[in-house]
Structure formats: C-alpha cells, structure tokens
Amino acid sequence: MSAAVVMHLPVIKNVHGNTLDVLGEAIVSGRYPPSQSIPPEPMLCEELGVSRTVVREAVKSLVAKGLLVTGPKLGTRVMPEEHWNWFDPDVVVWHSKIGLTREFLRDLQELRRVVEPAAVKLAAERATAQDIAEIELAYAGMKAAIEQGGDYVTHDLRFHQGLLRACHNRMLVQMSKALGALLRTSFEISTSRPDGPATSLPLHRAVLDAVIARSPPRAERAILTLIDSAREDIETVLASRRKLPSLSQPAPQLKARLPTTER
C-alpha cells in the first residue's frame, strides 16, 4: 500500500503516538516558545498521564524531527522553526491543525515550482511502461472521483508521486515520499474550490500526454501550468476566508456529477 493511501486512512495511535502529537502540537502552536525549555519530565508525566519512558521516547522523536534539542546544562529546549524538518509528515499535520499560514503555502508552491518541473522533464525521458500505467491508473481514479464521487485527493497524490518516481532519480524518488503531506495540503485546499478538480483534470492529462509523448519541454510547460493553476485556486480559497483543511482528518469526498467529456 502506498504512502499516499496510508495518509488518508484513520489512524489509531498508541500512547507514544498520542503523547508525541500533544507535545508536537504544543511546540508548533507556540505554547512552548523557541529557545525555552519544555516542562520537566515529572510535570509532563502528570499532565499527560503517561510514564517517564513514554515522555522520553516522545522527546527523542521530537529531537529527530528538529523541534527539540537536549544536552548537559542545556536541558530540553525548543528549536527555532528553521531547524524543524518540514518534510516530516507529523510536522506538517501539526502545523495544519493550528492553522496554515499564507507564508507556509507560499513556501510550498515555490518548492513545487522548483522540484516538479525538473522531475517531470526527467520522467518524459525515463518513464517505463509500468510507470506510465501507474500514472494512468491514478488519473483514471481522479476522473472517476469527479464523475461518480469519491476520494479525489488520494488519486491526485498518486499521480504526482508517480511522476516523481518515474524520473528514476533516487533522491527525487525519496523526496516524493517526504513531499506527500506537503502536497496533500496543497491539493485539499485547491480542490475545495467549486469545480476545482474538474478544471484541473485536463491539465493533469496534458502533463501525462507529454510524458507519454517523450517531450520534456512540453511536459515542463504542462506541469508549470498545472502548478500555477493550483496556486490561483489556493489564493481564491484564502481570499474567501474559508476554513482550511486539517490533515488529521480523512480527505474530503467529492460528490458525484455528470460525466465529463475529458478522456
């Protein structure tokens, strides 16, 4: 099962996972400010109702994610945002729960504009028949979700992650896994606009057709058009002051509509 699917399934977390979420959200929300120490272990154990072992494991995880630093005479302190691992799905989810900012979404769109065009150009040169079949399957899932109702975002993620895998660059393939939660943020916002998915579907088709045609320049132009269209959708949603999605919840389901004439 792909990472994109796992992110959309309800997750029943254990004590460690719940403790990690509580502390992570407290840090991201600013309850524990940068350069300040978090409460000592005994206080956290009492507040959260967990053992010292659980608190210590959660702290270790937060250190690995760049949110905390520990050391002799230093204690356990919160790190500034620039040290956080913004490719970590947990960090993205915690940030979305306390409120996505315009700056965060700007950074995400700029990252997409840097990474995806280069990856898609390579995919147009290197994609195998199996790669294309998987991307075609993701596209078919997007189309079915629009026409019959269902989970559009999961298939959208599969489409873009399939493109990144099709470039057959190990570093970009690894990045496709890390980008999952970030991309979901963008997709859920852009698809919340009325007719957003139906409008973007032919733009996805153009990207796929360019890859199939082995045309890197055409593929690059198509993906830039798609990214810029998503940016416009996000700006429209932000301007409407509509409540933004939380990644802690399953992806919203589209309602069925009349079949499109798109392939």
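Let me begin with the aromatic residues, where Trp84, Trp86 and Phe104 together form one aromatic cluster. Please keep in mind throughout that what we are looking at is a predicted model.

When the whole structure is searched, two aromatic pairs are found. One of them is formed by Trp84 and Trp86, whose ring centres lie 5.6 Å apart and whose planes make an angle of 40 degrees, so that the pair is described as tilted. Are these two tryptophans buried or exposed? Trp84 has a relative accessibility of 5%, and because buried means under 20%, Trp84 counts as buried. Trp86, on the other hand, has a relative accessible area of 25%, which lies above that cut-off, and therefore Trp86 is called partly exposed.

A ring is also involved in my next example, in which Arg205 lies over the face of Tyr139, at a distance of 4.9 Å from the ring centre.

Now I would like to turn to Asp131, which you can find in helix H7, the helix that covers residues 129-148. Which side chain of opposite charge is nearest to Asp131? That is Arg165, but Arg165 is 6.3 Å away, and since a salt bridge requires the charged atoms to be within 4 Å, Asp131 is buried and yet has no salt bridge. What Asp131 does have is a polar contact of 2.6 Å, which joins its side chain to the side chain of His168.

How values were computed. Residues are numbered from 1 along each chain as its sequence is written. This is a predicted model: local features need pLDDT of at least 70, side-chain atom pairs count only at pLDDT 80 or more; totals for chains, interfaces and linings use all residues. Side-chain values use heavy atoms; hydrogens and water are left out. Helices (H or I, at least four residues) and strands (E, at least two) are DSSP runs, numbered from the N terminus. Buried means under 20% relative accessible area, exposed over 50%, partly exposed in between (1.4 Å probe, protein chains only). Lys and Arg count as positive and Asp and Glu as negative; His and the chain ends are not counted. A polar contact is a pair of N or O atoms within 3.5 Å; within protein, one must be able to donate a hydrogen and the other to accept it, and residues adjacent in sequence count only if both atoms are side-chain atoms. Rings of Phe, Tyr and Trp (its six-membered ring) pair if their centres lie within 6.5 Å; planes under 30 degrees apart count as stacked, over 60 as edge-to-face and the rest as tilted. A charge sits over a ring if NZ of Lys or CZ of Arg is within 6 Å of the ring centre and within 35 degrees of the ring normal.
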